[in-house]
Amino acid sequence: MIRFVPRARTPLWLTLAVSIGAGLAALALTAIPLALTGAPVFTAFALMAQGAAGNGFALAETLTRATPLIFTGLAAAVAFRAKLWNIGAEGQLYAGALATVALGAGLIEAPAYVLVPLVLIGAALAGAVLLLVPVLFKTRFGADEVVVTLLLNFIVLLFVQMMLEGPMKDEMALGWPQSAPVLDEATLPKLVAGWRLHWGLVLAILAAVGLHIFITRTVWGFRLRAVGENARAARYAGLPVGKAMALVGLLSGGLAGLAGASEVAGLKGYLTADLSPGFGYAGIVVATLANLSPLGVIPAAIFVAGVFVGADSMSRAIGVSNYLADLVVAFALLSVLVGGLLTRFRIVFVRRGTA
Amino acid sequence: MWEALDILTQANFWAATLRIATPLIFGVLGALLCERAGVLNLGIEGIFVAGALSGWLAVYLGLPLWGGVLVAAGVGAAFGLLHGVLTVPLGLSQHVTGIGVTLLATSLAYFGYRVAFPNVATPPRIEPFAPLDVPVLGELPFIGPILAQQTGFTVLAFACVGGLAFVLARTPLGLALRAVGDNPEAVEAQGLSVVGLRIGAVMAGSALMALGGAFLTLSAFNAFYFGMINGRGWVCIALTVFASWRPGKALLGALLFGALDAYQLRVQTIAGGVVPSQIFLMLPYIFSIAALVLVARRADYPRALMKPYFKGQR
């Protein structure tokens, strides 16, 4: 018989080993459908690795793609730690992006050191307020936040389409439904001239470090963890559970909103309804791969971004569908979940009768 | 104004209501079966996609239509087995595992479609279910034209409502299924297997969800499109709470939703140009959230929902 014995502490090496093992397991599992299609498995994976990190340009492209994923990964990590199941980062990202163009595309004229922070704060607030709605529905009415955040994603996307075809449409864009471009003063500068990599990456890394310090070193960070581990015990201990939940909602939604600001103000320059190819949902995978650790989100986001960038490049080279990337990511999520059992439990083999 | 009310008297509107409601009936039945046994199945959105593709692909490759339905159910059950094994004996987070199953099922379906049809401009089509030819009722005014637009697949959905209601309420199996979602210790004490019952329920529920997807490609349309599920699965999860986990009310919720969706499509054409179309498209989602918030306080959740059960451990 097999028994799961809970571990009091998990050694760091084991956490790392499980994450890396899950990544490898995901590649192995993806190889099965890939082989069934008759594609050259090893060539495909080698081309993916090359496309993701084969040279400086590829690596910069991967880091560019990782930037929004760090933000949405942090959004999921902070929420899931408190057992707030925010599946709405996609919608919050678009809310942040909408706020970015609303504030940064000409409404306010100010120098960059005023306008950039203003746009970022506005985007974070937009995402935060959007998540506050389901949090209040949960704490006041007991409505499950999973369903509400999921459905809000669809509502927000329709709202964005409505704005882009109506009041916020750029008349200069030859009929395409897109917003006016953000002003130069609202743009996040590029990190290296000529490349797409921008200051959003630095902000994302700062956000990860800040969140790590907040969770491990502050009273509210402790309350947040306590609520996540056992809400009822936290309530008996006199912790303000409702307030803690609201704070988590503001943080998580704000981080997802920043993902939208970073994509618009740092990369695209304007807003279209296809800004995000599912960064919000991928953030859940990133957070889970990182074992909900804010610092772990950075390498996890780079891994997921590398899979997507690498698959695009591989797909162009040998014509295997780039949906392969989605497969790797889905398998990685499930593998790391199963692997997580190893970090939380010791697996003990007990002979029948002796237990 | 009168035009907006006039819609309700059109047979076309009621026929569309049934057509929109049918996949949701399957989805809500599937979700409530899983949840009655204590397992939240957020794999639903992806299982819809996988059911839509696999059923359609089977027919495209030469199987009869009902063969495609069976294939879809089998594929759904397979994803249910995956979700069940991960969440029941292993006790992993039902939320995150469900999202993982959705991602996996969706990406497998999309990848599979791209592999099977690498360079098609227009999606390949099949000959879908033909409308029913109902002998006596078909002659009736108003009812006749509504029925004449439905297929055997919709009849199957109604049959599943009755069948599931009967099994849950009147059979020892139904009693065991309900108990396993309320009080698994009691089920174990009866000498039944909690793990077996829960996995079985998730597999059967996922098979029903896949039928919802297959209805779209085999009856409502005749081809597979990317993004054709578009949140229908999530809507079913909301409707399940609205339905208080009862098959009869699930039918009612799905029909209400179908009517609302069919209505907004028609009002949209009347109000076209004045009110942006997106406002109407938002309505079904807003309706789902409102329904959830309204009933959430009174909702009689299965007591062991989302609580993993380990033998010999309290």
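## Helix 8 of chain A

The face of helix 8 of chain A turned away from its buried side carries two exposed residues, Val219(A) and Glu229(A). Helices (H or I, at least four residues) and strands (E, at least two) are DSSP runs numbered from the N terminus.

Helix 8 of chain A covers residues 219-229, of which Arg223(A), Leu224(A), Val227(A) and Gly228(A) are buried. Viewed down the helix axis, the buried residues fall within an arc of 135°, so they line one face of helix 8 of chain A; the arc is that of the directions from the helix axis to the C-beta atoms. The cover over these buried residues includes helix 3 (56-81), helix 7 (200-217), helix 9 (231-236) and helix 10 (241-268) of chain A.

## Model and confidence

This is a predicted model, in which local features need pLDDT of at least 70 and side-chain atom pairs count only at pLDDT 80 or more, while totals for chains, interfaces and linings use all residues. Residues are numbered from 1 along each chain as its sequence is written, and chains are lettered from A and ligands numbered from 1 in the order in which they are written.

The mean pLDDT of chain A is 91, and 99% of the residues score at least 70; pLDDT is the predictor's confidence in each residue, from 0 to 100. Among the elements of chain A, helix 4 (residues 89-104) has the highest mean pLDDT (97) and strand 1 (residues 2-6) the lowest (77).

## Overall fold of chain A

Chain A contains 13 helices and 2 strands. Its C-alpha trace spans about 80 × 60 × 35 Å along the principal axes. Of the 355 residues of chain A, 54% count as buried.

## Contact between chains A and B

The contact takes 36 residues from chain A and 34 residues from chain B, two residues being in contact if their C-beta atoms, placed from the backbone, lie within 7 Å. On the chain A side, helix 5 (112-141), helix 6 (145-165), helix 11 (279-289) and helix 13 (323-344) each supply at least two residues. Helix 13 of chain A gives the largest share of that side, 12 residues.

Methods: A residue is buried if 20 or more other C-beta atoms lie within 10 Å of its own, exposed if 12 or fewer, and partly exposed in between; C-beta atoms are placed from the backbone.
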